[in-house]
Amino acid sequence: MVHVDLRKIGETRIAILRIDNPPVNSIGSQVRVAVGESLAAALADDAVQAIVLTGTGKFFCSGADIREFNTPKTLIRPLLRELISMVETAHKPIVAAINGTALGGGLELTLGCHGRVASEDAKLGLPEVKLGVLPGAGGTQRLPRIVGIQAALDIIVGGEPLSASQALECGLVDDVAADPIDSACQLAVAIVRGDRASRVIDPAPLGDAASEAVFDDARRAAQRRYRGCIAPQECIACVEKTLHADLETGLAFEAERFKLLVEGDQSKAQRHIFFAERKAAKLPAAAQASTVRSVGVVGAGTMGGGIAMSFANAGIPVVLLEQSEEALQRGLNNIQRNYDVSRKRGRFSQEEVEMRLALIRRTMDYADLSDVDLVIEAAFEDMQVKKDIFTRLDQTCKKDAVLATNTSRLDINEIASVTGRPGQMLGTHFFSPANVMRLLEVVKGARTDDAVIATVFRLAQRIGKIPVLVGVCDGFVGNRMVSHYTREAYFLLEEGCTPAQVDGALRRFGMAMGPLQMQDMAGLDISWAARKRQAPTRPAHLRYSKVADRICEMGRYGQKTGAGFYRYEAGSREPIPDPEIDKLIAQCAAEAGIVRREISDDEIVARTIYALVNEAARIVKDGIAQRPSDIDVVYVAGYGFPMFRGGPMFYADTVGLPKVLETIRRFHAEHGEYWEPAPLLVELAESGGRFSER
Ligand code: T1G
């Protein structure tokens, strides 16, 4: 747990304390006790003149043990705050040798030290805001006193780690060294000798270190970036406290605000997603993954181009195939445009853009795919088109190449049937824009080998995606649920809402975008084609809204045609309500004999979000998703569901499944069989269970 070594430099003996708590050196109650005991022993040992604190492997310390939050273990002393004060007030120099990642409470531990040295590859950050909390062990009070108010706000509210060089530049660390332990020992000796000043913090208020405007700007920026989240505003309030409160007062304020957040629903939801993402990425079978060294992408449209960029961004060579020079050039122009936007935003340098573009080789010849390890087809969403492509891929690609389709709804097994390698065939469903959205639905066909799934899971993580294993059905997980969500949105339009009211209610709930604006962005023609495909098998007695079909029949497909549910000015994506659509909706309602009425935000949210929950419960029961928390990952990472609500299933748990079931039963009585309660929901609601326990 904590190893102690002694090192002598000249006449100075230094105790080196190394935290060793695999896999990431988190600080739970046991580590706190062990560090406290080792520190006390070293401080009491007259033979020791200085102490260096460090970690093992690539981690200094990944922060407090998140699994202990909301449990009695967080009360076991010494608390992390007490440990840091013990370091800060020690009568011997204590220097941190940051040997790798130092996050959250791990970085806060170093802030109490009398000096800090980082390894060249160290990452230093306070990501607590992403867990719906704030740095609760002094970070909001000490960091501003070390790096200044603005830098502290950026680090704490942004939640992103600094590199070692950035940390040196802002004064967070004293030195960056290839051997941080040796450098830390040298620094400790220099402090003992009085050659270097100790970095012990001045506890006095910072006074007018920043204007009110700095904090007002931070609050406005956080409101835009983290719409609906409480933690970012609390982070800012704690940093602001340093202006007029001394360290002790500020620490008490921070502790109080931390307690409020860690016991709140938002933080529990965000921690649920943190662990759910990691659980989703674990594979059921311990199959052997292969390494993918090069990738082919068939189709250079919006999706194919974004997919090609995802691989190029990870340094993986891509062969991008199209059927015409014109289509290829259009695709490459889109890729270039996307990179230019990223460069202008400072995400990539010109050199980095050129490196990525050099990894994308263009071709119209299938023979150029003969040596790649994996091909992803991202062509037109038509079964025959895909069958033709996979027939050629099967003939051309090397025998152990994996063949994947990016289809969003079509039957993977039917596509696989034209190949001689169904075991190496699966779906890799990216989300638009594919180079940005983190979700990847990995669709397992009836005969897909576990080793192929493992290969694609490992590849997904290499390109920064979150893989979620899903089964074959119409729409897999995300799109199967979204068709129920949009169905209710259309019904609500006929029953009395305008598009802006439905979208507004769901944005206020926290969705990144309302369902109708999302349809306009995705293209109304795509879901229209799906509805036409399903029409022959749609039960005639079920209610069907003609609203979206009528809009498509007017040639209004959304942003791509300048009008859909909303109007769009040329070059703008800003939705403008259109009286034409209000009239069309009223006409559809009249034809359906629906008397329009006032509808509340609460009903809009319940009708749309519970439609997601009810269908998701069926998806889990059908085995299309492995567990409810996977569905939460799909919706947060792929559909803009608010992170601070933890995903549809966690949200339903938070509301209480009995209450959700009672509402769904009321909808069932009022709106018919679409609202038949899912058996899993009934089972859990009636047994006191929760989705997050499945
Ligand atoms: N607590 C408990 N478990 C943790 C953990 C943590 N802090 N960090 C990681 N794990 C588990 C993780 O669930 C997984 O478990 C395994 O370790 C490997 O993680 C008081 C209140 C450090 C960058 O937010 O960002 O300090 O799945 O797959 O890709 O102010 O883990 O194997 O069972 O992610 O190499 C602040 C969270 C805490 C950092 C490593 N710290 N962790 O990434 O491994 S709050 C954080 C990460 C705090 C103080 C506040 C990453 C990583 P399992 P992994 P990785």
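**View 1. Helix α13 lies across strands β14 and β15.** Helix α13 covers residues 325-344 and runs at about 160° to β15. "Across" rests on contact, meaning heavy atoms within 4.5 Å. Angles run from 0 to 180 degrees between N-to-C directions, with axes fitted to C-alpha atoms, for helices over the stretch in contact. Helices (H or I, at least four residues) and strands (E, at least two) are DSSP runs, numbered from the N terminus. The model is predicted: local features need pLDDT of at least 70, side-chain atom pairs count only at pLDDT 80 or more, and totals for chains, interfaces and linings use all residues. Residues are numbered from 1 along each chain, and side-chain values use heavy atoms, without hydrogens and water.

**View 2. Strand β14 pairs with β15.** The pairing is parallel, over four bridges. Strands pair if DSSP finds at least two bridges between them. Leu320 stands opposite Arg362 in β15.

**View 3. Eight strands form an open sheet.** The order is β15-β14-β13-β16-β17-β18-β19-β20, and the pairing is mixed. β15 (360-363) and β20 (466-470) are at the edges; each has a single partner strand, so one side of each lacks a neighbour in the sheet. On average, neighbouring strands are turned by 25° against each other, direction ignored.

**View 4. Helix α15 lies across β13, β16, β17 and β18.** Helix α15 spans residues 383-396. Its direction is about 170° to β17.

**View 5. Helices α4 and α5 pack at about 135°.** Their axes are 7 Å apart. The crossing of α4 and α5 is right-handed, meaning that the near helix is turned clockwise from the far one by less than a right angle.
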